[in-house]
Amino acid sequence: MGLLDNAPDGLLDGKVVLVNGGTQGVGAAIARAAVREGAVVAVTGRRPEPGEALVAELAAAGGKALFVRADLADAEQAKGSVARVVEAYGRIDCLVNSAGLTSRGTLLDTTPELFDQHIAINLKGPFFAMQAAVADMVARQAPGTIVNIITSSAHGGQPFLAPYVAAKAGLAGLTRNAAHAHRWDRIRINGLNIGWTATEGEDATQKTFHGAGDDWREQAAAKLPMGRLGQPDEIADFVVFLLSDRSGVVTGSVIDWDQNVLGGLD
């Protein structure tokens, strides 16, 4: 089955979608799903090789895509990613902030440098990408949608995720604030608190910081209620729904996309 053969419904027909952090993992899955649903897609990343490979894959499947090289830790590059999309396609209709840094640190061992890295990538980059995207939508008096990929750890998280949690919890608050501020502009902004997901980045994280072997996915799955980790393509389908008109008037929602229930105790 080809990329565009998965019963597309045209949920994003004619939309211009920017996926920041879109060259691998959840971001790449979102880009594929958006193209399948009729969107013109741009993806950003720091490394050109995976970005160009993804764009070539999407083009080979009949989609229209653009790679924008950008380091989203730099606010000017975050804004510039939106400017590049507007230059190429005349507008931006949808933005997904999917880039994320998950390096470890506790309250006691996190350095100012590590803290700043998390704030830059997990909060400042999304802030200024949203600023640029909303500015374009407001200038055109056009509706738009934004989805921020956050984390279920934003509710508290593990002790070794202190700077990550601080930044992502800030992104959850920003999502609600911006949604409230721009609801009368018909710009809908929502967030997704994703749980443990099987991605290339998570594979590297488990092996780098936790000494995991190649079978870590199977071991992790055995400890989860549904017997498996979340899958990027499942998250992507939900993100496309939130970007599309099918999600109606929903805005300011930060949705827990996880199999563990916040507040539930055994």
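Predicted model: local features only at pLDDT ≥ 70, side-chain atom pairs only at ≥ 80, totals over all residues.
Residues are numbered from 1 along each chain as its sequence is written, and side-chain values use heavy atoms, leaving out hydrogens and water.

**Exercise 1.** Find which strands pair with E4.

*Solution.* Strands (E, at least two residues) and helices (H or I, at least four) are DSSP runs, numbered from the N terminus; two strands pair if DSSP finds at least two bridges between them. Start with E1 (residues 16-20), which is parallel to E4 over four bridges; here Asn20 stands opposite Asn97. Next comes E5 (residues 144-149), also parallel to E4 and joined by four bridges, with Ile146 as the bridge partner of Leu95.

**Exercise 2.** Decide whether Thr44 is buried or exposed.

*Solution.* First, locate Thr44 in strand E2 (residues 40-45). Then apply the cut-offs: buried is under 20% relative accessible area, exposed over 50%, partly exposed in between (1.4 Å probe, protein chains only). Thr44 has 0% relative accessibility, so Thr44 is buried.

**Exercise 3.** Compare the surroundings of two salt bridges, Glu87 with Arg84 and Arg91 with Asp93.

*Solution.* A salt bridge puts a side-chain nitrogen of Lys or Arg within 4 Å of a carboxyl oxygen of Asp or Glu. Glu87 and Arg84 meet at 3.8 Å; Glu87 is exposed at 63%, and Arg84 partly exposed at 34%. Arg91 and Asp93 meet at 2.9 Å; Arg91 is partly exposed at 27%, whereas Asp93 is buried at 7%.
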